[in-house]
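Subject: A structure for you to explore

Hello! Here is the structure I promised to pass on. Please open it and keep it beside you while you read my notes.

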Amino acid sequence: MNVTEPMFLALTALVDEPRHGYGIVQEVERLSGGRVQLKIGSLYGVLDRLAGDGLVELDREEVWRGRLRRYYRLTDDGARILEEEAARLAANAAAARSRLRARGLSTRPAGGPA
């Protein structure tokens with residue numbers, strides 16, 4: 001399965017608790033340090049794909065200020081795919097850092113200061 005960065009971050013946002021669309025958007029922005037800012041329209045495209053693949057599912061619906069909020073939760077399959085993708089990305093990053101060190105370039109830890 002090809003997991004895009006928005007998909008990866010949306011899955012990550014749902015690890016600890018179910019969230020509604022705007023809550024997912026906020027958490028993705030926080031997780032990415034503001035680098036990824038999903039629009040609601042593109043988020044629902046991501047959620048539709050993840051739900052179609054059985055990686056997330058509807059948790060509940062509630063009305064808030066006259067509008068319907070849908071809360072999504074991570075499924076067990078979603079957690080498994082997220083773990084596999086996190087391991088794949090970590091292995092790719094480790095390979096890149098190793099090659100950069102071999103070339104004599106200093107590498108910094110992921111998320112560390114520049």
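In which helix is the place of Y44? Y44 sits in helix α3, which covers residues 40–52. Helices here are DSSP runs of H or I with at least four residues, strands are runs of E with at least two, and both are numbered from the N terminus.

Before going further, please note that this is a predicted model, in which local features need pLDDT of at least 70 and side-chain atom pairs count only at pLDDT 80 or more, while totals for chains, interfaces and linings use all residues. Residues are numbered from 1 along each chain as its sequence is written, and side-chain values use heavy atoms, with hydrogens and water left out.

Back to Y44. With a relative accessible area of 30%, Y44 is partly exposed; buried means under 20%, exposed means over 50%, and partly exposed is in between (1.4 Å probe, protein chains only). Leaving aside residues up to four places away in sequence, Y44 touches G21 and Y72, where contact means heavy atoms within 4.5 Å. R73 is 29 residues from Y44 along the chain, and their C-alpha atoms are 14 Å apart.

Next, look at two helices together. Two packed helices are described by the angle between their axes and the distance between the axes. Helix α1 (residues 5–13) and helix α4 (residues 76–102) pack at about 125°, and their axes are 10 Å apart. The axes are lines fitted to C-alpha atoms over the stretch in contact, and the angle runs from 0 to 180 degrees between N-to-C directions. α1 and α4 are therefore oblique to each other: under 35 degrees would count as roughly parallel, over 145 as roughly antiparallel, 65 to 115 as roughly perpendicular, and the rest as oblique. On the α1 side, F8, L11 and T12 make the contact, and on the α4 side G78, L82, E85, A86 and L89 do. Sorted by class, that contact has 5 nonpolar, 2 polar and 1 charged residues.

Now for the salt bridges. A search of the whole structure finds 12 of them, each being a side-chain nitrogen of Lys or Arg within 4 Å of a carboxyl oxygen of Asp or Glu. One of them joins the side chains of E5 and R35, at 2.7 Å from N to O. E5 lies in helix α1 and R35 in the loop between α2 and α3, so the pair ties together parts that are 30 residues apart in sequence. E5 is partly exposed at 38% relative accessibility, whereas R35 is exposed at 56%.

Another salt bridge links R30 and E27, at 2.6 Å from N to O. The two are 3 residues apart in helix α2, so about one helical turn separates them. R30 is exposed at 56%, but E27 is buried at 12%. Both also belong to a network of salt bridges with D16, E17 and R19.

Finally, stay with α2. Which residues of α2 are buried? They are G21, G23, I24, V25, E27 and V28. Among the parts that cover the buried residues of α2 are α1, β1 (19–20), α3 and β3 (67–74). After α2 comes G33, which has a positive phi, near 65°.

Enjoy exploring!

Methods:
Ala, Val, Leu, Ile, Met, Phe, Trp, Tyr, Cys and Pro count as nonpolar, Asp, Glu, Lys and Arg as charged, and the others, Gly among them, as polar.
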